[in-house]
Amino acid sequence: MGLFGRIFKTKKATEKARKYAIGLSKSSTTSTAWDALFLTSINDDFYRQLEELMIISDMGVNTALSITSELSHYFKKHPSSTSEERKAGWIEVMQKRYIPVKENPARDFEVIFMMGVNGVGKTTTIGKLAHLYQTMGKKVMVIAGDTFRAGAIEQLTIWAERTGVPIFKKEAGSDPSSVIFEGLKIAKEQGFQTVLVDTAGRLQNKTHLMQELDKMVRVAKKVDENAPHERWLVIDATTGQNGLSQAKVFDEVTKLSGLILTKADGTAKGGIVFAIYDLFKVPIRYIGLGEKIEDIEPFDLENYLMGWLGASF
Ligand SMILES: Nc1nc2c(ncn2[C@@H]2O[C@H](COP(=O)(O)OP(=O)(O)OP(=O)(O)O)[C@@H](O)[C@H]2O)c(=O)[nH]1
Ligand SMILES: [Mg+2]
(Lines give C-alpha, C1' and ligand atoms only; values in the text may rest on other atoms or scores of the structure.)
(Ligands and ions follow the chains in the order given, each with its own letter.)
Protein backbone atom coordinates (compact mmCIF):
# COMPACT_ATOMS: atom_id res chain seq x y z
CA MET A 1 0.00 0.00 0.00
CA GLY A 2 1.40 3.42 -0.95
CA LEU A 3 1.70 6.31 1.46
CA PHE A 4 -1.48 7.84 0.11
CA GLY A 5 -3.28 4.58 0.70
CA ARG A 6 -1.99 4.49 4.26
CA ILE A 7 -3.04 8.08 4.88
CA PHE A 8 -6.40 7.24 3.40
CA LYS A 9 -6.81 4.18 5.58
CA THR A 10 -5.85 5.77 8.88
CA LYS A 11 -7.85 8.91 8.15
CA LYS A 12 -10.85 6.97 6.99
CA ALA A 13 -12.09 6.20 10.44
CA THR A 14 -11.71 9.61 11.98
CA GLU A 15 -14.66 11.88 12.46
CA LYS A 16 -12.47 14.87 11.76
CA ALA A 17 -11.46 13.58 8.33
CA ARG A 18 -15.12 13.06 7.55
CA LYS A 19 -15.92 16.65 8.46
CA TYR A 20 -13.20 17.87 6.12
CA ALA A 21 -14.34 15.63 3.31
CA ILE A 22 -17.98 16.65 3.61
CA GLY A 23 -17.12 20.33 4.08
CA LEU A 24 -14.75 20.42 1.13
CA SER A 25 -16.89 18.32 -1.16
CA LYS A 26 -18.36 21.39 -2.86
CA SER A 27 -14.94 22.79 -3.62
CA SER A 28 -13.79 19.58 -5.25
CA THR A 29 -15.41 20.35 -8.56
CA THR A 30 -11.93 20.44 -10.05
CA SER A 31 -10.94 17.25 -8.28
CA THR A 32 -11.36 15.32 -11.50
CA ALA A 33 -8.67 17.58 -12.95
CA TRP A 34 -6.43 16.76 -9.99
CA ASP A 35 -7.16 13.09 -10.43
CA ALA A 36 -6.33 13.23 -14.11
CA LEU A 37 -3.13 15.11 -13.32
CA PHE A 38 -1.80 12.56 -10.88
CA LEU A 39 -2.59 9.75 -13.30
CA THR A 40 -0.04 11.11 -15.75
CA SER A 41 3.60 10.27 -15.29
CA ILE A 42 6.10 12.86 -14.12
CA ASN A 43 7.21 15.03 -17.02
CA ASP A 44 7.22 18.70 -17.98
CA ASP A 45 3.54 18.54 -18.80
CA PHE A 46 2.78 17.19 -15.35
CA TYR A 47 4.58 20.10 -13.68
CA ARG A 48 2.95 22.65 -15.96
CA GLN A 49 -0.52 21.31 -15.23
CA LEU A 50 0.19 21.11 -11.51
CA GLU A 51 1.25 24.75 -11.52
CA GLU A 52 -1.92 25.71 -13.34
CA LEU A 53 -4.14 23.80 -10.93
CA MET A 54 -2.43 25.37 -7.94
CA ILE A 55 -2.82 28.84 -9.45
CA ILE A 56 -6.51 28.17 -10.19
CA SER A 57 -6.82 27.21 -6.53
CA ASP A 58 -5.60 30.72 -5.60
CA MET A 59 -2.15 29.78 -4.36
CA GLY A 60 -0.56 32.49 -6.46
CA VAL A 61 2.15 32.17 -9.07
CA ASN A 62 5.21 32.42 -6.80
CA THR A 63 3.94 29.83 -4.36
CA ALA A 64 2.88 27.49 -7.15
CA LEU A 65 6.28 27.73 -8.87
CA SER A 66 8.17 27.21 -5.65
CA ILE A 67 6.14 24.14 -4.68
CA THR A 68 6.59 22.66 -8.13
CA SER A 69 10.33 23.11 -7.88
CA GLU A 70 10.41 21.40 -4.49
CA LEU A 71 8.27 18.60 -5.82
CA SER A 72 10.60 18.01 -8.75
CA HIS A 73 13.50 17.61 -6.30
CA TYR A 74 11.38 15.26 -4.26
CA PHE A 75 10.50 13.07 -7.26
CA LYS A 76 14.15 12.90 -8.30
CA LYS A 77 14.86 11.30 -4.93
CA HIS A 78 11.63 9.31 -4.73
CA PRO A 79 10.66 8.11 -8.16
CA SER A 80 7.00 7.23 -8.10
CA SER A 81 5.12 4.86 -10.31
CA THR A 82 1.56 5.16 -9.11
CA SER A 83 -0.92 7.99 -8.89
CA GLU A 84 -1.20 7.41 -5.13
CA GLU A 85 2.54 7.81 -4.68
CA ARG A 86 2.50 11.02 -6.66
CA LYS A 87 -0.35 12.44 -4.59
CA ALA A 88 1.43 11.40 -1.41
CA GLY A 89 4.62 13.08 -2.66
CA TRP A 90 2.81 16.34 -3.23
CA ILE A 91 1.19 16.18 0.20
CA GLU A 92 4.57 15.41 1.80
CA VAL A 93 6.24 18.39 0.12
CA MET A 94 3.38 20.59 1.29
CA GLN A 95 3.72 19.26 4.83
CA LYS A 96 7.40 20.17 4.90
CA ARG A 97 6.61 23.72 3.83
CA TYR A 98 3.56 24.37 5.92
CA ILE A 99 4.38 23.34 9.43
CA PRO A 100 1.25 23.17 11.54
CA VAL A 101 0.71 24.96 14.81
CA LYS A 102 -1.99 22.88 16.42
CA GLU A 103 -2.54 24.57 19.74
CA ASN A 104 -1.85 27.78 21.56
CA PRO A 105 0.96 27.55 24.11
CA ALA A 106 -0.36 26.94 27.62
CA ARG A 107 -1.12 30.30 29.19
CA ASP A 108 -2.94 31.38 32.33
CA PHE A 109 -4.38 34.33 30.49
CA GLU A 110 -4.59 34.81 26.76
CA VAL A 111 -6.13 37.47 24.60
CA ILE A 112 -7.02 36.61 21.02
CA PHE A 113 -7.77 39.37 18.53
CA MET A 114 -9.95 38.30 15.63
CA MET A 115 -9.28 40.56 12.67
CA GLY A 116 -10.18 40.79 9.03
CA VAL A 117 -12.11 42.79 6.49
CA ASN A 118 -15.88 42.89 6.70
CA GLY A 119 -17.93 39.80 6.18
CA VAL A 120 -15.13 37.25 6.28
CA GLY A 121 -16.51 35.45 9.33
CA LYS A 122 -14.82 36.99 12.39
CA THR A 123 -17.85 37.03 14.67
CA THR A 124 -18.98 33.55 13.62
CA THR A 125 -15.48 32.20 14.20
CA ILE A 126 -15.40 33.72 17.67
CA GLY A 127 -18.69 31.97 18.46
CA LYS A 128 -17.36 28.64 17.22
CA LEU A 129 -14.05 29.01 19.03
CA ALA A 130 -15.73 30.08 22.27
CA HIS A 131 -17.57 26.78 22.16
CA LEU A 132 -14.51 24.76 21.16
CA TYR A 133 -12.32 26.23 23.89
CA GLN A 134 -15.04 25.77 26.44
CA THR A 135 -15.31 22.10 25.59
CA MET A 136 -11.54 21.95 26.15
CA GLY A 137 -12.18 23.11 29.70
CA LYS A 138 -11.08 26.71 29.30
CA LYS A 139 -12.86 29.58 31.01
CA VAL A 140 -13.78 31.76 28.04
CA MET A 141 -15.08 35.29 27.67
CA VAL A 142 -15.85 37.33 24.55
CA ILE A 143 -15.55 41.08 24.05
CA ALA A 144 -17.64 42.99 21.51
CA GLY A 145 -14.85 45.18 20.17
CA ASP A 146 -16.74 45.86 16.95
CA THR A 147 -18.77 48.79 18.18
CA PHE A 148 -19.21 50.24 14.72
CA ARG A 149 -22.53 48.50 14.10
CA ALA A 150 -25.24 47.65 16.61
CA GLY A 151 -25.85 44.48 14.59
CA ALA A 152 -22.33 43.27 15.28
CA ILE A 153 -22.85 43.50 19.04
CA GLU A 154 -26.20 41.73 18.78
CA GLN A 155 -24.69 38.99 16.67
CA LEU A 156 -21.94 38.34 19.21
CA THR A 157 -24.52 38.44 22.02
CA ILE A 158 -26.46 35.66 20.29
CA TRP A 159 -23.29 33.58 20.03
CA ALA A 160 -22.53 34.23 23.69
CA GLU A 161 -26.01 33.04 24.69
CA ARG A 162 -25.77 30.01 22.46
CA THR A 163 -22.43 28.97 23.91
CA GLY A 164 -23.11 30.10 27.48
CA VAL A 165 -19.99 32.27 27.43
CA PRO A 166 -20.08 35.70 29.12
CA ILE A 167 -19.80 38.74 26.90
CA PHE A 168 -18.46 42.19 27.71
CA LYS A 169 -20.12 44.85 25.60
CA LYS A 170 -21.22 48.45 25.51
CA GLU A 171 -23.63 50.30 23.28
CA ALA A 172 -22.88 50.79 19.59
CA GLY A 173 -20.69 53.79 18.89
CA SER A 174 -18.59 53.36 22.06
CA ASP A 175 -14.85 53.68 21.73
CA PRO A 176 -13.73 50.11 20.87
CA SER A 177 -10.44 50.50 22.75
CA SER A 178 -12.15 51.47 25.97
CA VAL A 179 -14.52 48.51 25.62
CA ILE A 180 -11.53 46.23 25.15
CA PHE A 181 -9.59 47.78 28.03
CA GLU A 182 -12.46 47.45 30.49
CA GLY A 183 -13.40 43.99 29.25
CA LEU A 184 -9.86 42.67 29.54
CA LYS A 185 -9.44 44.09 33.04
CA ILE A 186 -12.58 42.33 34.21
CA ALA A 187 -11.57 39.11 32.44
CA LYS A 188 -8.19 39.13 34.15
CA GLU A 189 -9.59 39.99 37.58
CA GLN A 190 -12.22 37.28 37.33
CA GLY A 191 -9.78 34.60 36.23
CA PHE A 192 -10.93 34.10 32.65
CA GLN A 193 -8.30 32.20 30.73
CA THR A 194 -9.13 32.88 27.10
CA VAL A 195 -10.60 36.13 25.86
CA LEU A 196 -11.79 36.35 22.28
CA VAL A 197 -12.00 39.90 21.00
CA ASP A 198 -14.19 40.80 18.03
CA THR A 199 -12.96 43.74 15.97
CA ALA A 200 -14.55 45.83 13.25
CA GLY A 201 -13.90 44.90 9.65
CA ARG A 202 -15.23 48.17 8.38
CA LEU A 203 -14.79 51.73 9.57
CA GLN A 204 -14.97 55.06 7.75
CA ASN A 205 -11.79 54.22 5.89
CA LYS A 206 -8.73 51.98 5.99
CA THR A 207 -6.49 54.47 7.81
CA HIS A 208 -9.09 54.90 10.52
CA LEU A 209 -9.47 51.15 10.85
CA MET A 210 -5.74 50.68 11.23
CA GLN A 211 -5.43 53.49 13.76
CA GLU A 212 -8.22 51.99 15.84
CA LEU A 213 -6.61 48.58 15.69
CA ASP A 214 -3.29 50.00 16.75
CA LYS A 215 -4.99 51.65 19.71
CA MET A 216 -6.73 48.38 20.63
CA VAL A 217 -3.37 46.61 20.68
CA ARG A 218 -1.88 49.30 22.91
CA VAL A 219 -4.70 49.22 25.45
CA ALA A 220 -4.56 45.43 25.57
CA LYS A 221 -0.87 45.75 26.54
CA LYS A 222 -1.85 47.93 29.48
CA VAL A 223 -3.74 44.98 30.92
CA ASP A 224 -1.14 42.38 30.00
CA GLU A 225 2.16 43.29 28.40
CA ASN A 226 2.05 40.17 26.20
CA ALA A 227 -1.46 40.84 24.96
CA PRO A 228 -2.85 40.35 22.42
CA HIS A 229 -1.16 36.95 22.62
CA GLU A 230 -2.73 35.85 19.35
CA ARG A 231 -3.51 38.09 16.41
CA TRP A 232 -5.49 36.09 13.92
CA LEU A 233 -6.51 37.17 10.47
CA VAL A 234 -9.69 35.65 9.10
CA ILE A 235 -9.57 34.93 5.39
CA ASP A 236 -12.65 34.01 3.40
CA ALA A 237 -11.92 31.14 1.00
CA THR A 238 -13.47 33.08 -1.86
CA THR A 239 -11.03 35.96 -1.35
CA GLY A 240 -8.45 35.13 -4.00
CA GLN A 241 -5.31 37.22 -4.47
CA ASN A 242 -6.83 40.15 -2.58
CA GLY A 243 -6.03 38.17 0.57
CA LEU A 244 -2.38 39.20 0.18
CA SER A 245 -3.13 42.90 0.47
CA GLN A 246 -5.45 42.21 3.41
CA ALA A 247 -2.67 40.34 5.19
CA LYS A 248 -0.17 43.11 4.44
CA VAL A 249 -2.35 45.82 5.96
CA PHE A 250 -3.11 43.90 9.16
CA ASP A 251 0.41 42.53 9.53
CA GLU A 252 1.74 46.08 9.43
CA VAL A 253 -0.38 47.17 12.35
CA THR A 254 0.17 44.13 14.48
CA LYS A 255 2.31 41.21 13.44
CA LEU A 256 -0.12 38.42 12.60
CA SER A 257 0.28 35.17 14.51
CA GLY A 258 -2.25 33.02 12.67
CA LEU A 259 -4.68 32.68 9.81
CA ILE A 260 -8.17 31.29 9.90
CA LEU A 261 -9.64 30.11 6.63
CA THR A 262 -13.42 30.40 6.59
CA LYS A 263 -16.11 29.26 4.15
CA ALA A 264 -13.95 26.41 2.93
CA ASP A 265 -17.27 24.59 2.51
CA GLY A 266 -18.10 26.80 -0.47
CA THR A 267 -16.94 26.31 -4.02
CA ALA A 268 -13.60 28.09 -3.59
CA LYS A 269 -10.60 26.22 -2.29
CA GLY A 270 -8.91 29.09 -0.47
CA GLY A 271 -5.36 28.36 -1.55
CA ILE A 272 -4.51 32.01 -0.91
CA VAL A 273 -3.66 31.05 2.68
CA PHE A 274 -0.54 29.29 1.37
CA ALA A 275 0.59 32.43 -0.46
CA ILE A 276 0.00 34.46 2.72
CA TYR A 277 1.92 31.90 4.78
CA ASP A 278 4.85 32.12 2.35
CA LEU A 279 4.99 35.91 2.39
CA PHE A 280 4.24 36.67 6.02
CA LYS A 281 5.20 33.39 7.68
CA VAL A 282 1.82 33.11 9.36
CA PRO A 283 0.60 29.60 10.12
CA ILE A 284 -2.94 28.50 9.30
CA ARG A 285 -4.66 27.75 12.60
CA TYR A 286 -8.29 26.87 11.96
CA ILE A 287 -10.63 26.14 9.11
CA GLY A 288 -14.32 27.04 8.97
CA LEU A 289 -16.37 24.36 7.26
CA GLY A 290 -19.90 25.70 7.66
CA GLU A 291 -22.07 28.12 9.58
CA LYS A 292 -22.90 25.91 12.56
CA ILE A 293 -21.23 26.00 15.95
CA GLU A 294 -19.28 22.80 15.43
CA ASP A 295 -18.16 23.69 11.89
CA ILE A 296 -14.60 24.58 12.84
CA GLU A 297 -11.49 22.43 13.00
CA PRO A 298 -7.85 23.00 13.85
CA PHE A 299 -6.23 23.25 10.44
CA ASP A 300 -5.04 19.88 9.26
CA LEU A 301 -3.12 20.15 6.03
CA GLU A 302 -3.39 16.50 5.10
CA ASN A 303 -7.18 16.39 5.45
CA TYR A 304 -7.46 19.72 3.68
CA LEU A 305 -5.43 18.64 0.67
CA MET A 306 -7.23 15.30 0.55
CA GLY A 307 -10.38 17.40 0.27
CA TRP A 308 -8.86 19.19 -2.72
CA LEU A 309 -8.17 15.87 -4.34
CA GLY A 310 -11.75 14.90 -3.68
CA ALA A 311 -10.81 11.73 -1.82
CA SER A 312 -14.08 10.28 -0.62
CA PHE A 313 -14.47 8.72 2.80
N1 LIG B 1 -20.57 28.55 4.81
C2 LIG B 1 -19.91 29.22 5.75
N3 LIG B 1 -20.33 30.43 6.13
C4 LIG B 1 -19.62 31.08 7.08
C5 LIG B 1 -18.45 30.54 7.66
N6 LIG B 1 -17.97 31.45 8.55
C7 LIG B 1 -18.82 32.49 8.52
N8 LIG B 1 -19.82 32.28 7.63
C9 LIG B 1 -20.94 33.18 7.27
O10 LIG B 1 -20.43 34.38 6.73
C11 LIG B 1 -21.26 35.49 7.04
C12 LIG B 1 -20.43 36.59 7.68
O13 LIG B 1 -19.95 36.14 8.92
P14 LIG B 1 -19.62 37.12 10.12
O15 LIG B 1 -19.13 36.26 11.24
O16 LIG B 1 -20.75 38.01 10.40
O17 LIG B 1 -18.43 37.93 9.50
P18 LIG B 1 -17.65 39.19 10.13
O19 LIG B 1 -16.26 39.10 9.65
O20 LIG B 1 -17.86 39.23 11.58
O21 LIG B 1 -18.39 40.39 9.40
P22 LIG B 1 -18.43 41.93 9.83
O23 LIG B 1 -18.75 42.00 11.28
O24 LIG B 1 -19.52 42.52 8.96
O25 LIG B 1 -17.10 42.51 9.50
C26 LIG B 1 -22.33 34.94 7.97
O27 LIG B 1 -23.49 34.69 7.22
C28 LIG B 1 -21.75 33.62 8.47
O29 LIG B 1 -22.74 32.69 8.81
C30 LIG B 1 -18.01 29.25 7.21
O31 LIG B 1 -16.98 28.70 7.62
N32 LIG B 1 -18.77 28.64 6.25
MG1 LIG C 1 -18.59 40.70 12.78
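This is a predicted model: local features need pLDDT of at least 70, side-chain atom pairs count only at pLDDT 80 or more; totals for chains, interfaces and linings use all residues.
**Overall build**

The protein chain contains 13 helices and 8 strands. Along the principal axes, its C-alpha atoms fill a box of roughly 60 × 40 × 30 Å. A compact globule of 313 residues would have a radius of gyration near 20 Å, and the protein chain agrees with this because its own value is 20 Å. Of the 313 residues, 56% count as buried, the cut-off for buried being under 20% relative accessible area.

Strand β5 covers residues 230-236. Buried residues make up 7 of its 7 positions, so β5 is largely enclosed by the rest of the structure. The cover extends to both faces. On one side the buried residues are Glu230, Trp232, Val234 and Asp236, and on the other they are Arg231, Leu233 and Ile235.

β5 pairs with strand β1, residues 110-115, through 4 bridges, and the two strands run parallel. Within this pairing, methionine 115 has leucine 233 of β5 as its bridge partner. β5 also pairs with strand β6, residues 258-262, again in the parallel sense, over 5 bridges. Here tryptophan 232 stands opposite glycine 258 of β6. Tryptophan 232 is also one of the buried residues of β5. Between β5 and β6 comes helix α11, residues 242-253, and these three elements form a right-handed β-α-β unit.

What share of the residues of β6 is buried? The count is 5 of the 5, so β6 is largely enclosed by the rest of the structure. Gly258, Ile260 and Thr262 are buried on one side of the strand, while Leu259 and Leu261 are buried on the other.

β6 is joined to strand β7, residues 284-288, by 3 bridges, and these strands run parallel. Leucine 259 has isoleucine 284 of β7 as its bridge partner. From β6 the chain crosses through helix α12, residues 272-280, to β7, and this β-α-β crossover is right-handed.

**Ligand 1**

Ligand 1 is surrounded by 19 residues. The closest are Lys122, Thr123, Thr124, Asp265 and Glu291.

| Residue | Atom on the residue | Distance to an oxygen atom of ligand 1 |
|---|---|---|
| Valine 120 | backbone N or O atom | 3.2 Å |
| Lysine 122 | polar side-chain atom | 2.8 Å |
| Lysine 128 | polar side-chain atom | 3.4 Å |

Taken alone, ligand 1 exposes 650 Å², and the protein buries 81% of that area. Valine 120 makes its contact through a backbone N or O atom, whereas lysine 128 uses a polar side-chain atom.

Note on methods. Residues are numbered from 1 along each chain as its sequence is written. Chains are lettered from A and ligands numbered from 1 in the order in which they are written. Side-chain values use heavy atoms; hydrogens and water are left out. Buried means under 20% relative accessible area, exposed over 50%, partly exposed in between (1.4 Å probe, protein chains only). Two strands pair if DSSP finds at least two bridges between them. A crossover is right-handed if, with the strands pointing away from the viewer, the path from the first strand over the helix to the second runs clockwise. A residue is near a molecule or strand if one of its heavy atoms lies within 4 Å of it. A polar contact is a pair of N or O atoms within 3.5 Å; within protein, one must be able to donate a hydrogen and the other to accept it, and residues adjacent in sequence count only if both atoms are side-chain atoms. Accessible areas come from the Shrake-Rupley method with a 1.4 Å probe; for residues, only the protein chains shown count as cover. The radius of gyration is taken over C-alpha atoms; the globule rule is 2.2 Å times the number of residues to the power 0.38.
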